[in-house]
Amino acid sequence: TGPIVYPAGYVYVYAVLHKVTEGGRDIVKGQYIFGALYVAVLAVLLAIYSKTKKVPLWALSLLVLSRRVHSLFMLRLFNDCFATFFAFLSIL
C-alpha cells in the first residue's frame, strides 16, 4: 500500500511475532503471547496506581474490568497494545 510514513517500531515487533509463530501458522502461540502481554499491562497499571498511594485497594480491582485496556487487546490488535505497554512501563 505504500511506504510507512510514521515511526514503525511495531513492524519489528510483528516481524518477531511472525517468526515466533512460524510464519503466522501457530495461532495459539500468538494468542498466548497477546494474553501474556494483556496480563503484563494490567500488572504494570496496578503497580502504577498502587505507587500513587491515592487509589483505594477496592478501586484497583475495577481496573480488571476496564473497557479501555480490554479493547486494546480484543478489538484493536494492532500496535496499540505494545505502545501502551511501553508507555505505562516508562511511567512506572
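Modeller: Please keep in mind that this model is predicted. Let us begin with helix 1, which has 12 residues and spans 17 Å from its first C-alpha to its last. That reach is close to the 16 Å expected at 1.5 Å a residue.

Biologist: Which residue with a positive phi follows helix 1?

Modeller: That residue is Glu22, with phi near 55°.

Biologist: How is a pair of aromatic rings described?

Modeller: One gives the distance of the centres and the angle of the planes. In this structure, a search of the whole model finds four aromatic pairs. One of them joins Tyr14 and Phe34, with 6.4 Å centre to centre and 35° between the planes, and is tilted.

Biologist: Where in the chain do Tyr14 and Phe34 lie?

Modeller: Tyr14 belongs to helix 1 (residues 9–20) and Phe34 to helix 2 (residues 27–52). They are 20 residues apart, and the pair links distant parts of the chain.

Biologist: Is Phe34 buried or exposed?

Modeller: Phe34 counts as buried because its relative accessibility is 16%, and buried means under 20%. Tyr14, with a relative accessible area of 24%, is partly exposed.

Biologist: What kind of aromatic pair do Phe85 and Phe86 form?

Modeller: Phe85 and Phe86 form an edge-to-face pair, with centres 5.3 Å apart and 65° between the planes. Phe85 has 15% relative accessibility and therefore counts as buried.

Biologist: Which residues form one aromatic cluster?

Modeller: The cluster consists of Tyr14, Phe34 and Phe82.

Key:
Residues are numbered from 1 along each chain as its sequence is written. This is a predicted model: local features need pLDDT of at least 70, side-chain atom pairs count only at pLDDT 80 or more; totals for chains, interfaces and linings use all residues. Side-chain values use heavy atoms; hydrogens and water are left out. Rings of Phe, Tyr and Trp (its six-membered ring) pair if their centres lie within 6.5 Å; planes under 30 degrees apart count as stacked, over 60 as edge-to-face and the rest as tilted. Helices (H or I, at least four residues) and strands (E, at least two) are DSSP runs, numbered from the N terminus. Buried means under 20% relative accessible area, exposed over 50%, partly exposed in between (1.4 Å probe, protein chains only). The expected span of a helix is 1.5 Å times one less than its number of residues.
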